[in-house]
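Dear colleague,

I am passing on the structure we spoke about, and below it you will find my notes on how its chains meet.

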Protein chains: 4
Amino acid sequence: MSESRVGIWLIGAKGGVASTSIVGVCALARQLIEPIGLTSHQPQFTHLPLPQWGQFAIGGHEIRRVALIEEASRLVTESRTVEASVFQACREDLAAIDARLRPGVLFRSGGTIEELADWDVPREATPRAAIERIRRDLAEFQSSTGCEEVVVVNVASTEPPPPDNSALPETWNELQAQLDDRDLPLPASTLYAIGAMLAGCCHINFTPSLGSNLPAVADLAKRQGVCHMGQDGKTGETLMKSVLAPMFARRNLDVMSWVGHNIFGNLDGRVLDDPSNKQAKVRSKDHLLAEILGYRPQTHVSIEWIQSLGDWKTAWDHIHFRGFLGAAMTLQFTWQGCDSVLAAPLVLDLVRLTVAARRRGEVGALPFLASFFKSPMGVEEQAFDLQYRMLQAWAEKQ
Amino acid sequence: MSESRVGIWLIGAKGGVASTSIVGVCALARQLIEPIGLTSHQPQFTHLPLPQWGQFAIGGHEIRRVALIEEASRLVTESRTVEASVFQACREDLAAIDARLRPGVLFRSGGTIEELADWDVPREATPRAAIERIRRDLAEFQSSTGCEEVVVVNVASTEPPPPDNSALPETWNELQAQLDDRDLPLPASTLYAIGAMLAGCCHINFTPSLGSNLPAVADLAKRQGVCHMGQDGKTGETLMKSVLAPMFARRNLDVMSWVGHNIFGNLDGRVLDDPSNKQAKVRSKDHLLAEILGYRPQTHVSIEWIQSLGDWKTAWDHIHFRGFLGAAMTLQFTWQGCDSVLAAPLVLDLVRLTVAARRRGEVGALPFLASFFKSPMGVEEQAFDLQYRMLQAWAEKQ
Amino acid sequence: MSESRVGIWLIGAKGGVASTSIVGVCALARQLIEPIGLTSHQPQFTHLPLPQWGQFAIGGHEIRRVALIEEASRLVTESRTVEASVFQACREDLAAIDARLRPGVLFRSGGTIEELADWDVPREATPRAAIERIRRDLAEFQSSTGCEEVVVVNVASTEPPPPDNSALPETWNELQAQLDDRDLPLPASTLYAIGAMLAGCCHINFTPSLGSNLPAVADLAKRQGVCHMGQDGKTGETLMKSVLAPMFARRNLDVMSWVGHNIFGNLDGRVLDDPSNKQAKVRSKDHLLAEILGYRPQTHVSIEWIQSLGDWKTAWDHIHFRGFLGAAMTLQFTWQGCDSVLAAPLVLDLVRLTVAARRRGEVGALPFLASFFKSPMGVEEQAFDLQYRMLQAWAEKQ
Amino acid sequence: MSESRVGIWLIGAKGGVASTSIVGVCALARQLIEPIGLTSHQPQFTHLPLPQWGQFAIGGHEIRRVALIEEASRLVTESRTVEASVFQACREDLAAIDARLRPGVLFRSGGTIEELADWDVPREATPRAAIERIRRDLAEFQSSTGCEEVVVVNVASTEPPPPDNSALPETWNELQAQLDDRDLPLPASTLYAIGAMLAGCCHINFTPSLGSNLPAVADLAKRQGVCHMGQDGKTGETLMKSVLAPMFARRNLDVMSWVGHNIFGNLDGRVLDDPSNKQAKVRSKDHLLAEILGYRPQTHVSIEWIQSLGDWKTAWDHIHFRGFLGAAMTLQFTWQGCDSVLAAPLVLDLVRLTVAARRRGEVGALPFLASFFKSPMGVEEQAFDLQYRMLQAWAEKQ
């Protein structure tokens, strides 16, 4: 494997998912923890040119002033998912990374996210200026850390559904000509993606926000020779849906209704308590059922912010189905997982596999990463096992 | 498709699974119900030479005197899974089938099953005599109904674990020479399998009982040019295990413990309340986890007979797993299904697919049917999706 | 006990609760079923002057044209809660009762309820005219059936929250002078209550609608010498809350959050799918927790109409509480009950106990019936056991 | 309140319940935690002469060599129920208490418990010698700490069901004459109770073991003027049963079956994995249902040791009941609680209330403490609310 350094640049770098990812990389590099939850550590992927844990340099954008180390300490004291000794051993690493974080971008992020911003976030007048700042921050990170590859991962809170962008041009050439228009309907997540690509970085959108999911930005990725993928990490309830729905389909059982209630109390949840932000998330959690089943059962997805739960997301799903002779039967499940603990290893798997893809010369969207996403860009297959087979097939080819 | 008649011969023909299967065939033949729950009705299987619902003739062995129609009526009045109008429309069919049922065989069936026998069941002195009676019953069924193919399906209650049969010969020639030995350790389920094969019938073992799972009987199947498969239909909780365990494996999550509690109140449950009968069932419900995960989490499977539930089996599973950074998380599910409604379509799929295999010239064990079984004979793969892919691959070849 | 006839007049007489209550009375009068679910059949209440099942005459108001017998038959074919033989034996009773039903009143019932009205419902111009029609219908029912006592029970769908009625007068004398004002903010449920009282009938409000819960109507009840009580029958999830919350309080456990999700698919559910109607219901399901606990945990109540569930209401509650040393713990429950089967016996208990109270000379509100209601009029006690003790204490006094 | 010191002597002093109780007392005395989970801190009990947290001295018997501080640290690192800062602040207190612990007594404790004993536990030849050692240890504790009152609380693991003791005498005079007989069927829990009483201490049996539940020992309590009570603290699943069963009874619902599955992984659980120890526990968890309901539904209680759960006990209960018209419905609950966190405040409440009772001159059994026990000695009432009313009534009298 290459010994060169590899960069991870996190959008939303002090959030739960980011801080858990950071503690995880540090703990893995120091060999304090086992690689549990990391798909890329399975035997069928070891032959790939994956970066090793000691090779990573980490930076990011953030809109909140709070210290990274303080956010990370909540994993020990609040969600109680990380052992105090592991956290202590990583304190210095966290301080060093905190020094590399830069103020983020607010642009059509919605009122709820804007209210969270208490760092001194510059407010550029045009998309072009914001993109330029992002690009500069990344270039500086690359030169100061000597990273050959940098993967930018968006793990920020969910934006409201993107404004109507049907009038946007399909090519980068045309789009870039319009970047001085302050009314251009591009949200912050897309500006980050463009900035990353212009800096020669790959881009992973772990959120349901728009990000790189626009023809003109996909065009940019190809021109720049970088990889990108999204959207919305598949961590818990939706993972379960993509595992269970194929069972019903293959057994030819008739799913009449599928109700999913999600409760949790972290910052992402507070942002989702804003109906406009929630809308994007619910859509991302819901669409796959009809795509797997081939028909449209009645579905309901609720997401409620319940403060006492903190980062512990509990999902209760009630699946009502008909079997032979029309008999109605029921499956219920309760999933109790720590949101950031579920998300962080996917973030790290995505970074490692994206780097491996780059090293093997891939450019553009990476459909073989579909199994990591609720709404995989450009991929129709939603069944988890078949998405995982895409990953295996890709790995076997290498 | 061929217009010839096809026979289904059910061992345990008045039990819940059998009577539901019988009502189902009648209702499908009369086009009273949709083919929900039938895998073989999916588009990817329609090109196979599957028998149609109107082509079936049904018979079977049974040890209880109760009228078939009475057992079937409980689907309407007790488990309330079948509509009264459907049942009424099938009354005459049921009466005709009841007239074709023959007394079963009791041989190392265990005390609990023997106590259930209130029909006038002949007690042959030797395995050979019992086998001969089974063979004769099947020959008579074939000649009286004009069936070209007959598939014998064992849906009787679970026998105690088979006696030590390590001393039994590996070939049919040797085994058949010993059939007059009344101490030969062959349970009834195996005698049925032998009788079926000697009559030229295929044999499906839907139970965890020994059945055809012996080298000498597999040898007989090949000699007779018939197909066979087993064991133990995968209907509910174990289906869920074979769907969920691969998810944990693929995400590299560490399953620490998997506890499954099953409660139900039908006749099969009463038989399983006998610890020796239960032992065979628990083993069949438990082994697959370690095989899928590649390590052995602590597991616990309980099966309790709770009379009030009747045929409604409720399973509660509690899965305790570690994710990234060692954080412990939990998945619980509650499965509430009607046991015989879940089993019956699998029985019918197995019959149809076995007939199709025969028509295409297959002989011996049918590993492509693995997805239907908790303990598929001769198949190591336990993940449901990969087993289903075996079925698809076989169908694509045809 | 008196041998005179006793009348039950149901508002919403063809709905699920009403039709189940009607089938229940018929089946009890014919001794086809056991008195399961009826509080008033317990030994501690047998000395009260309760009417017997054979004594009842039944009538009611309704806004839908559908035949009562058809609605009742769905208990057999859809919710599958009533045995076909019981239903058959009551067919003639149902037809006779259907002939006694009269078109209901629509007045500030909300658009969703008004859309359901397909019977030829007269639309009076003023509250007074509507009340007068109700009174006449009841008087005719009394004279034609010879009932000495009639209890009017509102089991109709939930109205939107009442309009602001703070300007309404506190006495009946003043209110009745305004009844020609077509802008008077009185919903149909209150007109029914007034009409009932003017006809000398007792009134039970089994819904969260306003009904008799107004000072001027309470004044009318006293003037007319009749009894009344409400609101909102306590059947399932809220019953559980009023049983479990006192446990947490008495053990001094700190309930941090209590989330309750309710899904069901009957007509009441469809009405509650209208946010304005839902608002009244949610309030009624939610307030008691803070009243029992003495502080206000974060709560969430959702009610979703899921068609496939029909009358089977499933509630999932997640209770997050802190115990000793601040440790967070969780209780979850899933309640799967048939809504009308849970409600109907409460309706019948309320009728019987109200008649007994009348026979013993009670007038006005009946606080001893608090245990039957989510929001008992004039009663602060919300703990089920203490409410039940009020009922016992009242019975012991008689 | 008196300023004198009050002693708590714990049998099984290094177990989970004891170490949590000890940390709790220290943290309460240092005002590090709120009194959550403590019944005796409610307003209706403040007028009682309850000892304050700073007044307590703690000692105990134990059979294992492990350091108390190490056991207590697992509350921070394993069950993650206690904050690290709270634990750190109590370290010195724990060391001081550890120095006061004395080797316990093994006598008919069963093989599983005996195997745990790795401290240098003396093995007296006769019950009298063992009792004498217990008495001496307590006298020394009293004199060294200057405690006026000492309450001995048995929180050790469950013994096998007591041997047949029907031949034992009913009076203390007779029993004490036989104490040199080494075949006397008295288990360790009873020897502790006798030793405590002979030392003038009150005795609380928080376990299902026999303890003081013998006529001759009750006789001794009266002679010595001490108080005692038991058996088996009501912490989780059984608390739920005693809260929910009265609801079914009062609504006249017919409980057909009640299945309870308990899984947990602490030391108590490992002892209960021995079928003979489990038997006593299951009986104590099961009997109350029939006593509350007045009839005997089918019940099933399972307790399984699942290592990964540690001290987190998860109970799944499935209650199948019939309502009106015979319709079958279901309530399920999942209780996820930390066993020792649930038990410890009850232990401390019991100590405080027992001291208050002593200070008010009570002698013998204390039935007003029934709400704290699964099998309250001498009390038939099993409904939690009515037991709690006994506590309130007693407090009001004081």
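Between chain D and chain C, about 4,900 Å² of area is buried, and carbon and sulfur atoms give 65% of it; please bear in mind throughout that this is a predicted model. The contact draws 59 residues from chain D and 60 residues from chain C, and on the chain D side the residues that lose the most area are D:R251, D:F324 and D:L325, which together account for 20% of what that side buries.

As to polar interactions across the interface of chain D and chain C, there are 18 residue pairs in polar contact, both partners being at pLDDT 80 or more, and 2 salt bridges. The side chains of C:R322 and D:E34 form a salt bridge, with an N to O distance of 3.6 Å.

Several elements of chain D give two or more residues to the side that touches chain C, among them helix 1 (16-29), strand 9 (312-322) and helix 13 (339-359), but the largest share, 11 residues, comes from strand 10 of chain D. By class, that side has 35 nonpolar, 16 polar and 8 charged residues. Strand 10 (residues 328-338) of chain C runs antiparallel to strand 10 of chain D and is joined to it by 7 bridges, with C:T330 standing opposite D:Q336.

Chain C also touches chain B, where 6 residues from each chain take part and about 460 Å² is buried, 24% of it from carbon and sulfur atoms. Of the area that chain C buries there, C:R80, C:E83 and C:Q336 supply 83%. Between chain C and chain B there are 0 salt bridges, while 4 residue pairs are in polar contact.

With best regards

Terms used:
Residues are numbered from 1 along each chain as its sequence is written. Chains are lettered from A and ligands numbered from 1 in the order in which they are written. This is a predicted model: local features need pLDDT of at least 70, side-chain atom pairs count only at pLDDT 80 or more; totals for chains, interfaces and linings use all residues. Side-chain values use heavy atoms; hydrogens and water are left out. Contact means heavy atoms within 4.5 Å. Buried area is the accessible area (1.4 Å probe) that two parts lose on being put together, summed over both. A salt bridge is a side-chain nitrogen of Lys or Arg within 4 Å of a carboxyl oxygen of Asp or Glu. A polar contact is a pair of N or O atoms within 3.5 Å; within protein, one must be able to donate a hydrogen and the other to accept it, and residues adjacent in sequence count only if both atoms are side-chain atoms. Helices (H or I, at least four residues) and strands (E, at least two) are DSSP runs, numbered from the N terminus. Ala, Val, Leu, Ile, Met, Phe, Trp, Tyr, Cys and Pro count as nonpolar, Asp, Glu, Lys and Arg as charged, and the others, Gly among them, as polar. Two strands pair if DSSP finds at least two bridges between them.
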